[in-house]
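Thanks for coming. Please look at the model on the screen while I talk.

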Amino acid sequence: MTPKTLYQKIWDSHVVHESPGQPALIYIDRHLIHEGTSPQAFAGLRAEGRKVRRPDLTFAVMDHSVPTTDRTLPIIDQDAKLQFEALEKNCRESGVRLFDMNSRHQGIVHIIGPELGITQPGQSIVCGDSHTSTHGAFGTLAFGIGTSEVEHVLATQCLVQSRSKTLHIVVHGKRPKGVTAKDIILAIIGKIGIGGGNGHVAEYAGEAIRSLSMDGRMTVCNMTIEGGARAGMIAPDETTFAYLEGRPFVPRGKAFQEAIERWKQLHSDDGAKFDMTVELHAEQVAPQVTWGTNPGMVTSVTERVPDPHSFKDLNDQKATESALKYMGLKPGTPIVDIPVDRVFIGSCTNSRLDDLRAAAHLVAGKHVAKNIKQALIVPGSRGIKAAAEKEGLDKIFREAGFEWRDAGCSMCIGMNADVLPPHERSASTSNRNFEGRQGKDSRTHLVSPVMAAAAAIAGHFVDVRQFDVTSVE
Amino acid sequence: MQPFTTHTGMGAPVDRVNVDTDQMVPKQFLKALTREGFGRILFYDWRYLPGEKPNPEFVLNFPRYKGASVLLTRANFGCGSSREHAPWGVKDYGFRVIIAPSYADIFYNNCFKNGILPATLPEDQVDELFKRTEKEEGYSLTVNLPNQTIADKHGLILQFEIAPSRKEVLLKGLDDIGTSLQHGAEITAYEKAHAATATMYEPLDIKYYSNGR
Ligand code: SF4
């Protein structure tokens, strides 16, 4: 038998129909929806008199526009209110489960899928959101789709897809202390560029990946899309199985043991061929900070803001020039000399319990710097929020001068009231630093949770390795 | 969906690499409940000054590019968010064709759901089209999908690439969902065959989760 990659295995087991030279019809095991990209899909179904084929495999949540402040208060944003009402109505009419903003299971769609055990190895998962790649951390084929495709999945529980090329990303060695999953993925994107993975599905491997917790693996897979690959996956192992056991939607008892036996087959065979391979040595990775307006514009905290003329390609020169103008940065400025106005620890990249624990450990007994206007902690889900509160993390953060909020996308995208004001600079644990992403004319620097916490304490970027980083996963 | 065969129209150059979908339709417009009206919003933060005054420095606001329907741009166009609001904006603005050296995957896919042709040409040919568009006012291109050509009035003919199955979707204006539903029996058969391993545990305490439960 020819050796297969993990991607090929999952793909092959999901083909419903295939004709030569045509894209295949593949089955979708779990469909996640949210208030932002689903209303037009339901409207389309209605217009054609079509029904949701498998409401039992569809899960809905409110996350993008929800307030992270007191939810017993009325929603002020009328457009957001209409979105919530539309999602509620669509779910009620079609029988789709909804985690509305008052549910104790509510959270960011890519956080609650794994947390509730909806996400399982070997599945195909889609969502009208590009960071669906997160779920690949479980050895799952998961990717973002557009609203027309959401409508297609609602109607057919299938998707028309062509096979992708495969990209093997091997991260050798051990991560140094203070270097997190976020730094690894930022370094990878810096290396391959934001279009480097276009047309590919990535599989992460190597010692540095294997040693990550599920929380860390999700951080890596989450940002796969920032390197252009639509999906990223990690073969499931004991870490994965231990994480899943006992989660609400995961089979129990004998069914779970049988599932594990099946899941153990989910790995790339020895000798399986990838279309492209990228290698990285974890020992050589330092904490990363983005300086520009896309996640590939990134460097080590020990470096300086680059000079546009240091790039060979004319398009790169122009892009760097305009990014530095937008960011209000001068070439040659040491990264650690860049002051920060606001700190945001949250988003589907870095708002899980590991992230909050590491950040809390770092700020315990310290206080945010005077120049910091706001330091936000936004847990990825209400489940994480409750777990963190049980450990007393909320208290540590509050005492250090952070705001402790309710779960949602928040300042990652600024669709609710958590917006980064014009020309202000953030240290943010989210995944995109595009122009205007966190607010019009806002300036985003992407970092790991401990780097964000350290910046909050120092008032500017600082090499987190100067702090006690023993707790850093 | 509106079929696409040939199109002739004026080109407009957006000379940037890695244009992301956040730039095409910023987040404050993602709360809409319909697919309409995104043309006014396309490239919002570049196109408008405070108070929605057109920014005279943004290329699409140059009077000479008014009415353009062929968008010329650079590599990795449409990266970032999966929001289909971006192609809705492109289409509603009046563009039927995009020409670029490469596209981000999700955006590329979304174009075909909306009758937009994203044509791919090598970098140097895109460069040449940029030069000609900027030099000659009203520079227009004829895009022929059956022949996969892009031509101007001066005899330039370029061959672009597109997968045959993608081409067919545009040429026939196919409704994907309708086509897939014809495989209903196969979908049901797949569901039956995989029922045993596709199961999930149904937690009794979580059914329909609303109002704080
Ligand atoms: S946290 Fe940010 S990236 Fe993640 S789903 Fe929400 S808006 Fe998208």
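Predicted model: local features only at pLDDT ≥ 70, side-chain atom pairs only at ≥ 80, totals over all residues.

Residues are numbered from 1 along each chain as its sequence is written, chains are lettered from A and ligands numbered from 1 in written order, and side-chain values use heavy atoms, with hydrogens and water left out.

Helices first. Two packed helices are described by the angle between their axes and the distance between the axes. Axes are lines fitted to C-alpha atoms, for helices over the stretch in contact, and angles run from 0 to 180 degrees between N-to-C directions. Helices (H or I, at least four residues) and strands (E, at least two) are DSSP runs, numbered from the N terminus.

In chain A, helix H2 (residues 39-48) and helix H5 (residues 147-156) have axes that come within 8 Å and cross at roughly 50°. That makes H2(A) oblique to H5(A); angles under 35 degrees count as roughly parallel, over 145 as roughly antiparallel, 65 to 115 as roughly perpendicular and the rest as oblique. On the H2(A) side the contact (heavy atoms within 4.5 Å) includes Phe42(A) and Leu45(A), and on the H5(A) side Val150(A) and Leu154(A) are among the residues.

The second pair is H6 (residues 181-192) and H8 (residues 214-222), also of chain A, packed at about 20° with axes 8 Å apart. H6(A) and H8(A) are therefore roughly parallel to each other. Here Ala181(A), Lys182(A) and Ile185(A) of H6(A) meet Gly216(A), Thr219(A) and Val220(A) of H8(A).

Now the spaces. On a 1 Å grid over the protein atoms alone, a cavity is a set of points where a 1.4 Å probe fits but cannot get out, and a pocket is an open set with protein on both sides within 12 Å along at least five of seven lines; lining residues have an atom within 4 Å of a point. Grid points are joined across faces, edges and corners, and a volume is the space filled by probe spheres set on the points.

How many cavities of 30 Å³ or more are there? The count comes to seven. The largest has a volume of about 230 Å³, and Ser81(B) is one of the lining residues closest to its centre.

The second largest pocket holds about 1,200 Å³. Helix H11(A) gives the largest share of its lining, seven residues.
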